[in-house]
Amino acid sequence: MRIGKQDAPLSAICTSDAHSITVRGRDLTGDIIGNTDFTSYFWLLVTGQAPTETQKYFANAVLCAIAEHGLVPSVVAARMTYAAAPEAFHGAVAAGLLGCGSVVLGSAEVAGRFLAQVVASGDPASEIAQLRATKQAIPGFGHPQHSDGDPRANLLLRLAAEHGIEGPHIAALNAIQAALPGAIGRSLPINVNGAIPAVMLDVGFPLAALKGISLLARTASLIGHLQEETQRPIGFIMSGAAAAAISYDGP
């Protein structure tokens, strides 16, 4: 049984022969290794084009912005998994990445799609109303800790202004923020997962790959946490704290 399209058995990412490896039309050993930084290589792999200096600058900025924020759920999951299965370093990384969803870490993708809808409709109030009608949060706004403003988002947006790359998605982000008091009765700060898609979309990163930014950045952080777990283990401490904090109320 055939499932899905069957008429384009092609890939433009990589090919190789006995003597060479070609990635996105470039020789891996002649053009890339030793000549290209990893952020540029990431952009090339995703888009097929080398980034401009501005695109590389903001890709670096957002990767640094989203990589680490303490013992968030993805880190807790990874460290507890490693504590239970120290032979599976890769499994612990995977455990952390599997929680990259619409509430934590992966929410930049959700916010990016919302910004794209606002850009297309030109009506932020209507888009907000549709979310509120189904009791959904406004993606890219609010933060449980940084209630007075997410410092990462503030910096990214300031850098965007300083580098002159503010486009329709940053404009949409600002329009949503301006519309919030009238739509929900109060203002909310822009969080890092609102700033990241606004900036990245305005410098030309593809919407469909936005979650990849968070996945790549958090992978680096998880490796750091797991290396620390090998030397200063806290996985079972967190497990014990969870058991102590949760009471049984079943029959």
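Which residue's side-chain oxygen reaches to within 3.2 Å of the backbone nitrogen of T39 at the start of helix 2? The residue is D37. This is a predicted model, in which local features need pLDDT of at least 70 and side-chain atom pairs pLDDT 80 or more, while totals for chains, interfaces and linings use all residues. Residues are numbered from 1 along each chain as its sequence is written, and side-chain values use heavy atoms, with hydrogens and water left out.

**Helix 2**

- Helix 2 covers residues 38-47; helices here are DSSP runs of H or I with at least four residues, strands are E runs of at least two, and both are numbered from the N terminus.
- T39, S40, Y41, F42, W43 and L44 of helix 2 are buried (under 20% relative accessible area; exposed is over 50% and partly exposed in between, with a 1.4 Å probe and protein chains only).
- These buried residues pack against strand 2 (21-23), strand 3 (26-27), helix 1 (28-32), helix 3 (53-67), helix 10 and helix 11 (210-231), where contact means heavy atoms within 4.5 Å.
- Just after helix 2, G48 has a positive phi of about 85 degrees.

**Aromatic pairs**

- Rings of Phe, Tyr and Trp (its six-membered ring) pair if their centres lie within 6.5 Å; planes under 30 degrees apart are stacked, over 60 edge-to-face and the rest tilted.
- By this rule there are four aromatic pairs.
- One of them is the edge-to-face pair of Y57 and F58, at 5.1 Å centre to centre and 80 degrees between the planes.
- Y57 is partly exposed at 34% relative accessible area, whereas F58 is buried at 0%.
- Y82 and F89 also form an edge-to-face pair, with 6.0 Å between centres and 80 degrees between planes.
- Y82 is buried at 13%, and F89 is partly exposed at 30%.
- F42, W43 and F205 are linked by ring pairs into a cluster.

**Largest pocket**

- The largest pocket has a volume of about 850 Å³, taken as the space filled by probe spheres set on grid points joined across faces, edges and corners.
- On a 1 Å grid over the protein atoms alone, a pocket is an open set of points where a 1.4 Å probe fits, with protein on both sides within 12 Å along at least five of seven lines; lining residues have an atom within 4 Å of a point.
- The lining has 33 residues, and V103, S107, G142, N191 and N193 lie nearest the pocket centre.
- Helix 6 (107-121), helix 7 (124-133) and helix 10 (192-202) each give two or more residues to this lining, and helix 6 gives the most, with five.

Terms used:
Polar contact = N/O pair within 3.5 Å; in protein donor to acceptor, adjacent residues only side chain to side chain.
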